Amino acid sequence: MIAAVAHADDTPATDGSGARLLTDPATLLERLGLDAALLPAARRAAERFPMRVPAGFVARMRPGDPADPLLRQVLPLADELATAGGFGADPVGDAAARVAPGLLHKYAGRALLLVTGACAIHCRYCFRREYPYADTGASPAGWEAAFTHLHADRSIRELILSGGDPLTLSNRRLRELVQAADAVPQLERLRIHTRQPVVDPGRIDAGLLAALRSRLPVVLVLHVNHAREIDAALVQACARLRAAGVTLLNQSVLLAGVNDAATTLAALSEALFAAGVLPYYLHLLDRVGGATHFEVSEQQALSIMGALRAMLPGYLVPRLVREEAGRPAKTPLC
Ligand SMILES: *Cc1c(COP(=O)(O)O)cnc(C)c1O
Ligand code: SF4
């Protein structure tokens, strides 16, 4: 589980007044002036998957609004304790795709390396909330075997660093990974899946850009679900990445009560484009235990996409996909 792994870089002060990282639901509710009646259930849900919310993300929430789309992504709720058929611990078949410690090879030409279990923020709908991180070898000790596999399998031309969040690693660790990737002769692209710039735009500094310098073109896929997650600091971080030659894409998850309306998704696409980021995927929720209340039905999703296509140029419409175990690619729905 993500939370079992310590934050790799720094340890921000938690809770208390002026804390940069909120881990106690009481502090979050108090900061937003919300009803303490939500607290007992929040505490219980947080026992299963701890709450973790950087203060900068809280600052973008609307005080006094329990339905705020940013708050909904991070506040533990009683709904998480519900169980439902088809919702399990490994909904996307990651365990079967493992070819080396932390290395998943599911799709032709690209492999995904789980480089850490840590994230700066804990998203309640995350499909990794129940993933057995202890067994993945998602740590520097496992990287060597993963790179041995990459050297041996010449069919893999793109390496994806994922997790957890790769940008929670120190620049020194990232540099090691980039250099190891540079040394795999047949690799043609390096991709990074991260939500870190959204919650900690200051992470994108000169030191990080130096660590990411590679012989390979670098593609960074952000994870933003709502236009209000994009503030001036994130726009600046994106500008720095682009100036360094990094290609910026975004993936979102379609989430009930967060972004399940065409107008909301249109505003997100417009805000992404303004920041120099193109929408890539809109994922249907992976059916992980504890996330049933975020599910949007396929029929509803298709109807939202129809409305979205009528509002935006084609290049600002993300591809609606579902991840299904055993398929050769993510399954497009329209
Ligand atoms: C999503 C995913 C990828 C990347 O798929 P793209 O369609 O190339 O974005 C690669 N490997 C694994 C295991 C994945 O889950
Ligand atoms: S940042 Fe990504 S990997 Fe981490 S909890 Fe959120 S959705 Fe999951």
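The space taken by ligand 2 is the largest cavity, where a cavity is, on a 1 Å grid over the protein atoms alone, a set of points where a 1.4 Å probe fits but cannot get out, and a molecule sits in one if more than half of its atoms lie within 2 Å of its grid points. Before I go on, this is a predicted model, in which local features need pLDDT of at least 70 and side-chain atom pairs count only at pLDDT 80 or more, while totals for chains, interfaces and linings use all residues. Residues are numbered from 1 along each chain as its sequence is written, chains are lettered from A and ligands numbered from 1 in the order in which they are written, and side-chain values use heavy atoms, with hydrogens and water left out.

Around ligand 2 we find Cys119, Ile121, Cys123, Cys126, Arg195 and His223, each with a heavy atom within 4 Å of it. That shell divides into four nonpolar residues, one polar and one charged, on a scheme that counts Ala, Val, Leu, Ile, Met, Phe, Trp, Tyr, Cys and Pro as nonpolar, Asp, Glu, Lys and Arg as charged, and the others, Gly among them, as polar.

Turning to ligand 1, this molecule also sits in the largest cavity, and its shell holds six nonpolar residues, no polar ones and five charged ones. Strands S4 (103-107), S5 (110-114) and S10 (278-283) each supply at least two residues of that shell, and S4 gives the most, with three; strands here are DSSP runs of E with at least two residues, and helices are runs of H or I with at least four, numbered from the N terminus.

Taken alone, ligand 1 exposes 390 Å², of which the protein buries 93%, by the Shrake-Rupley method with a 1.4 Å probe.

Finally, a cis peptide bond joins Gly163 and Gly164, with omega about 15°, and Gly164 lies in the loop between strand S6 (158-162) and helix H6 (171-182).

Technical notes. On a 1 Å grid over the protein atoms alone, a cavity is a set of points where a 1.4 Å probe fits but cannot get out, and a pocket is an open set with protein on both sides within 12 Å along at least five of seven lines; lining residues have an atom within 4 Å of a point.
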